[in-house]
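Trainee: I would like to learn how to read a protein model, starting with its rings and helices. Could we go through one together?

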Amino acid sequence: MESQNQKKRIFSGIQPSGELTLGSYMGAIRNWVTLQDEYECIYCIVDMHAITVRQVPAELRRRSLVQLAEYIACGLDPSKNVMFIQSHVPQHAELSWILGCYTQFGELSRMTQFKMKSQQHADNITAGLFTYPVLMAADILLYQADLVPVGEDQKQHVELCRDIAQRFNGLYSDTFTLPEPFIPKLGARIMSLGDPGSKMSKSDPDGCVYMMDKPEDIQRKFKRAVTDCEAAVKFDKVNKPGVSNLLTIYCAASGKTVQEAEEAFAGQGYGVFKPAVADAVVELMRPIREETERLIADKSYLESVYRDGARRAQGIAQKTLSKVQRKIGFLAR
Ligand code: TYM
């Protein structure tokens, strides 16, 4: 018990705003699995973040449950990790309001994701979309997380979280642990198969591979992946972004280095390379998809995991929230 308390803590989350993708897996979840023995890990399904853009209610409910099944199927052990649904722990919303009063309008205006999403959803730019990074800061700071394993696109949000924490600590003495982003060397930014200039995202069905895609769909998507007309399997992000992305995926899936992969496909065209990438992804995802399907059928088990997770999360979160409320001058209840 003693040594458990000395472990450093990790927090991360994924939005159930679409089916999980190869990007979510390679950029985030895969790292979570490798960290679960060394750290005390808390993993969240951030449904409150998901509603910053319009969701179909029944779909949001279904995906939140499937996402938990996927976390477990990827190898996250519910007895080692706390896994829960964000909206089940009201402390997130409470701390988010408070931290919003310590965050500048200008800081939020500079967030790249806000700029992009407000273009994509120009008819529905809500206050929630704008203050999204404050809720993310509350997620992380409530648990005094040391490390936040995320893909590259979330780095800016984790840095803002540090700034907010530092500001608060400066005003009221040490309250929050300053978190560090933990970004994988390989797979931190998986690009769209259809447009290697933009990130693979849940909302782009053609350019993205979903973790639950059937093998034939994965094969078809890779066959259609955008490459170039040079027919050389070489890593060159600037001149060959499509091929470089496929190489990254191949290496992350097969465990080979880029050099080994280049050598293996030397002199061979994309007609050989693309199906080989697809095969590597199919084999990586097969056990995860099968285990997810098995787990989804056991709804009561999944419910027990997220209820137990919320109870454990709430215990930790309330300690931080009470401390914050006291420091800023709220009267004790
Ligand atoms: P989200 O749901 O967009 O993505 C979940 C995780 O997957 C990573 N990721 C990728 N990595 C590599 N290549 C890609 N194409 C790719 N697409 C997604 C993301 O970087 C992320 O790690 N705001 C967060 C969710 C969140 C959170 C948090 C994360 C809410 N609170 C607290 C950490 C800590 C988000 O929208 O991630």
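Mentor: Gladly! Let us start with a cluster: ring pairs link Tyr102, Phe168, Tyr172 and Phe176. Rings of Phe, Tyr and Trp (its six-membered ring) pair if their centres lie within 6.5 Å; planes under 30 degrees apart count as stacked, over 60 as edge-to-face and the rest as tilted. Please keep in mind that this is a predicted model, where local features need pLDDT of at least 70, side-chain atom pairs count only at pLDDT 80 or more, and totals for chains, interfaces and linings use all residues. Residues are numbered from 1 along each chain as its sequence is written, and side-chain values use heavy atoms, with hydrogens and water left out.

Trainee: How many aromatic pairs does the structure hold?

Mentor: A pair of aromatic rings is described by the distance of the centres and the angle of the planes. Counted by the ring rule, the aromatic pairs in the structure number 12.

Trainee: Are the planes of Phe11 and Tyr143 stacked or edge-to-face?

Mentor: The ring centres of Phe11 and Tyr143 are 5.2 Å apart. Their planes are 10 degrees apart, and the pair is stacked.

Trainee: How many residues apart in sequence are the parts that this pair ties together?

Mentor: Helices (H or I, at least four residues) and strands (E, at least two) are DSSP runs, numbered from the N terminus. Phe11 sits in strand E1 (residues 9-14), while Tyr143 is in the loop between helix H8 (127-142) and strand E4 (147-149). The pair therefore ties together parts whose separation in sequence, in residues, is 132.

Trainee: Is Phe11 buried or exposed?

Mentor: Buried means under 20% relative accessible area, exposed over 50%, and partly exposed in between (1.4 Å probe, protein chains only). Phe11 has a relative accessibility of 2%, so Phe11 counts as buried.

Trainee: What about Phe168 and Phe176: what is the angle between the planes of their aromatic pair?

Mentor: Phe168 is buried at 0% relative accessible area, and Phe176 is buried at 4%. Their pair is tilted, with 5.1 Å centre to centre and a plane angle of 55 degrees.

Trainee: Now the helices! Are H10 and H13 roughly parallel or antiparallel to each other?

Mentor: Axes are lines fitted to C-alpha atoms, for helices over the stretch in contact, and angles run from 0 to 180 degrees between N-to-C directions. Angles under 35 degrees count as roughly parallel, over 145 as roughly antiparallel, 65 to 115 as roughly perpendicular and the rest as oblique. Helix H10 (residues 215-223) and helix H13 (residues 270-296) pack at about 150 degrees, with axes 9 Å apart. H10 and H13 are therefore roughly antiparallel.

Trainee: Which residues of H2 meet H13?

Mentor: H2 packs against H13 at an angle of about 80 degrees, with their axes 12 Å apart, so H2 is roughly perpendicular to H13. Contact means heavy atoms within 4.5 Å. On the H13 side are Val281, Leu284, Met285 and Ile288, and the H2 residues that meet them are Leu22, Tyr25 and Met26.

Trainee: Is H5 roughly parallel or perpendicular to H14?

Mentor: Helix H5 (residues 91-100) and helix H14 (residues 299-328) have axes 10 Å apart. The angle of their packing is about 25 degrees, which means that H5 and H14 are roughly parallel.
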